[in-house]
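User: Could you walk me through how to read a few features of a model, one at a time? I would like the general idea and then the case at hand.

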Amino acid sequence: MAESDRVWEVFRQESEGDPMIHGGSVRAPDEELAMHYAREFYGRRQESHRLWVVPREAITELDDPDLLQPPFDRSFKKPGGYIIKHKLEAAKARAASEKGE
Amino acid sequence: MSELDAVPRQALAELLLTVADDEFVIGFWDSEWTGIAPMLEEDVAMSSISQDEIGHARALYELLAGLTDTDADAIAFGRPAADFRHAALLNHARTDWAFTVARRYLYETADAVRLAALARSSYAPLSELVTKMRREESYHLLHMDAWLRRLAAAAHDRLASALERAWPDAQAIFTPPAGEAALLEAAILPDPFAALHERWLGQLRPVFAELDLPIVSAAVPSDGRTRRTDDFAWLHGEFTSVAGSEAGATW
Amino acid sequence: MNETERAEAFYAHVGSGGKVEADDWMPDDYRAAVLKFVEMHANSELMGVLPEREWILRAPTLRRKLALTSKVQDEVGHAQLLYRVAEDLGKPREQMLADLMAGTTKFHNVFHYPTRSWADVGIIAWLVDAAAIVSQQALRDSSYAPYARTMKKICWEESVHIMHGRDVVLTMMNGTAAQRALVQDALDRWWGPLMQMHGPPTDPSKDKDLHWRIKAKGNEQLRQEFLSIYVPRIRELGLRIPDSELEYDEATGRWHYTEPDWDELRSVVTGHGPKSQERLAFRRFNHGQTQWVRDAVLAPAAAAA
């Protein structure tokens, strides 16, 4: 059986400026038909502003939790890791009292 | 519309009918591929293209309905087979994929030449509509060009014999509508169909030479838009079977 | 971890609402169950094309022509989306099509029946798709994430089909007496298959598709949901549902109905329905007619050229 066509992954941008989000995949023997078929499956209802069509083998997957969800503290890398509410209140109170003196 | 004199108005109606019927009939034939095309991905693509053609036919019938005080569905589904004005190329049944690609390639390229001219029509409602149609037709051209090249490389003989079969009747796309002189005079039609025919041949020759595909010597037939066949009579019977089943019913 | 522990951890993950991706490790029996479920769904979309396709050339207005062609096109598109999910589980598309055409894999019961009039187009698009969407919406919660994602896209498209079908039915019900009779006749013929469509009630503890969260709701629950939404919508149009037992029991909050003919269901889905063999033969014929195209454009020689 003829099974030499390839899988192409399709990413779509819904409106200008939006992120590219994975839509799904099509099978096609070459890039030109892959583009046409991507348009059919992910754009025929005017639902996309832009498509990226990528041969599946060009995608490298990384899903190792040791790499992506390392177990030790990373709070210093995130805005939520800095809790300043009480420090700010204290600083304001101190500043106000200094001014009052 | 009201600013048009009776003569170009009648000729314009004929012109609109020829283009609309072409789109309507090829859209009907190729919609038959929906569900049974060679690959699932291609099935969806060919279905979109045939839906586009029906959409274009609808817009053209609506324009025509405005001139003749009727409605688009009545024009599409209410006429006897003999009153259709599509080109003889579209008299043939769907047949196989090679014939579909051959016919569509010839039709799309010819239609592109015709629409490029009509986009310059002095009749603004037509030129505006055609400008919109061309935005969808460009994809049809790309897609059929892709198929022509693939079959030329991998199934050359099948494609060549389908092209030979389609070629004579394809010339009928350039059979002018009645009243061409009046259309030219009013600049509704910027160029005569004979000139469009030459332009089309000029575009096809290098492509067919490159792909080693046959061009058959054939003239534009004078009865190219009035000849009807059993295939079309069958199709007409199908598409009027529900619409004509009960007088006055709404569907 | 040995295989048993690995499988136990997998099922604990799935049982607690966890998701599985195509590249994740999964036990063979889970993979086989998902593949069988998705493959039958894909087959159903592909075979579901045929009853309505017969009316593509007969659609009576330009808008109906567009809507019906577009709907059938969507079903082909759904078949592609679902075969893509199944392919990534390890079974080639050509093999799935071959098994379908040979009758060794199944498709849903409703696609084994004939379509006799334009009213069938309306009833199928409205009620068959409605019954399908009830189960498809539940599949958006499937533990197999590629399937769940695909169902989100499919449900969105199916909702358009239901609107199209309901519009066809409403137009005919507001039309002539003959048109109304066509709709009633179609409903009379489709009601039995519709009631069978979700399958007989199963014991949730023994239904492994349910247990592994490949599907999220049981057969009877889906049928009850369908009845709750659609019985009032059918009756308000003046249509008569051909089941004298059908009534809602306020006390139990459930619909009572005449027991569907489960023998008919079993017989139909194993290829003995009124149109089963004809439709499979039609598929085989057209697949054969277009084999040269696939050989030409998908063959290694063409790809290398």
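User: In which loop does Asp212(B) lie?

Analyst: Asp212(B) lies in the loop between H8 and helix H9 (230–239) of chain B. Helices here are DSSP runs of H or I with at least four residues, strands are runs of E with at least two, and both are numbered from the N terminus. Before we go on, note that this is a predicted model: local features need pLDDT of at least 70, side-chain atom pairs count only at pLDDT 80 or more, and totals for chains, interfaces and linings use all residues. Residues are numbered from 1 along each chain as its sequence is written, while chains are lettered from A and ligands numbered from 1 in the order in which they are written.

User: What is the phi of Asp212(B), and is Asp212(B) buried or exposed?

Analyst: Its phi is positive, about 55 degrees, although Asp212(B) is not a glycine. For burial, count the other C-beta atoms, placed from the backbone, within 10 Å of the residue's own: 20 or more is buried, 12 or fewer is exposed, and in between is partly exposed. Asp212(B) counts as exposed because it has 9 C-beta neighbours inside 10 Å. Ala187(B) also has a positive phi without being a glycine, at about 60 degrees. Ala187(B) sits in the loop between helix H7 (180–185) and helix H8 (193–210) of chain B, and it is partly exposed, with 13 other C-beta atoms within 10 Å.

User: Let us turn to the sheet. What is the strand order in the open sheet of chain A?

Analyst: Start from the pairing rule: two strands pair if DSSP finds at least two bridges between them. In chain A, 3 strands form an open sheet in the order S2-S1-S3, with antiparallel pairing. Strand S2 (21–28) and strand S3 (50–55) of chain A are at the edges with a single partner strand each, so one side of each has no neighbour in the sheet. The average twist from one strand to the next is 30 degrees; angles run from 0 to 180 degrees between N-to-C directions, and axes are lines fitted to C-alpha atoms, for helices over the stretch in contact.

User: How many bridges join strand S1 of chain A to S2(A) and to S3(A)?

Analyst: Strand S1 (residues 6–13) of chain A pairs with S2(A) over 7 bridges, and 6 bridges join S1(A) to S3(A). Phe11(A) is a handy landmark: it stands opposite His22(A) in S2(A) and opposite Trp52(A) in S3(A). Val10(A) faces Gly24(A) in S2(A). As for burial, 6 of the 8 residues of S2(A) are buried.

User: Which helix lies across S1, S2 and S3 of chain A?

Analyst: That is helix H1 (residues 31–43) of chain A, which runs at about 130 degrees to S2(A).

User: Now helix packing. At what angle do H2(B) and H5(B) pack?

Analyst: They pack at about 170 degrees, with their axes 11 Å apart. To name an angle, under 35 degrees is roughly parallel, over 145 roughly antiparallel, 65 to 115 roughly perpendicular and the rest oblique. That makes H2(B) roughly antiparallel to H5(B). Contact means that C-beta atoms, placed from the backbone, lie within 7 Å. Among the residues in contact are Ile49(B), His56(B) and Leu63(B) of H2(B), and Leu129(B), Met133(B) and His140(B) of H5(B).

User: How do H4(B) and H5(B) cross?

Analyst: The axes of helix H4 (residues 97–118) and helix H5 (residues 124–154) of chain B come within 8 Å and cross at roughly 150 degrees. Their contact has 14 nonpolar, 2 polar and 5 charged residues. The classes are Ala, Val, Leu, Ile, Met, Phe, Trp, Tyr, Cys and Pro as nonpolar, Asp, Glu, Lys and Arg as charged, and the others, Gly among them, as polar.

User: Last, the chain contacts. How many residues of chain C are in contact with chain B?

Analyst: 37 residues of chain C are in contact with 39 residues of chain B. H3(C) gives the largest share of the chain C side, 13 residues, and by class that side has 19 nonpolar, 13 polar and 5 charged residues. The contact of chain B with chain A takes 6 residues from chain B and 10 residues from chain A. On the chain B side, H2(B) provides the largest share, 4 residues.

How values were computed: Contact = placed C-beta atoms within 7 Å.
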